[in-house]
Amino acid sequence: MDLRGVQHPSLAVPTSGFGAVIPPMLQTIKKQQQEILDYLQANKIEFERCDIAISDESKMFMRENVPENCRPVGGNPLPPQIFNNDHYCGRIIRKPVFIQKLLKDKRENQ
């Protein structure tokens, strides 16, 4: 008797789906990062995306260049952090302030 393709209910293997549960903190970071990227793209501001998850150099730059008064108590700064070259612009875009600061920095660096 050929049983290929036939499965008895008692021998059925449950279907498995693999994924990852993203903690709320990481969901917040991901959402903030996307908001910043969307804002920069919508306003046609050229930028370089630095992924600290794959670049230790970027991670160290971010950690070392966030000003002391902007660091969390007892820990390292978390992304997203915004820089214009070596100048720290902030963590979250407060749109008018961020754009004014970014444009001022660009004019001074030209």
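1. Which residue in the turn of the hairpin formed by S1 and S2 has a positive phi? In this predicted model, where local features need pLDDT of at least 70, side-chain atom pairs count only at pLDDT 80 or more, and totals for chains, interfaces and linings use all residues, that residue is Asn85, with a phi of about 60°. Residues are numbered from 1 along each chain as its sequence is written, and side-chain values use heavy atoms, with hydrogens and water left out.

2. The hairpin has 2 residues between S1 and S2, and its strands, S1 (residues 82-84) and S2 (residues 87-90), run antiparallel and are joined by 3 bridges. Strands (E, at least two residues) and helices (H or I, at least four) are DSSP runs, numbered from the N terminus, and two strands pair if DSSP finds at least two bridges between them. Phe83 has Tyr88 in S2 as its bridge partner.

3. The aromatic pairs come to 2, counting rings of Phe, Tyr and Trp (its six-membered ring) with centres within 6.5 Å, where planes under 30 degrees apart are stacked, over 60 edge-to-face and the rest tilted. Phe61 and Phe83 are edge-to-face, 5.0 Å centre to centre with 65° between the planes. Because Phe61 lies in helix H2 (residues 56-65) and Phe83 in strand S1, this pair ties together parts 22 residues apart in sequence.

4. Phe83 and Tyr88 also form an edge-to-face pair, since their ring centres are 5.3 Å apart and their planes at 65°.
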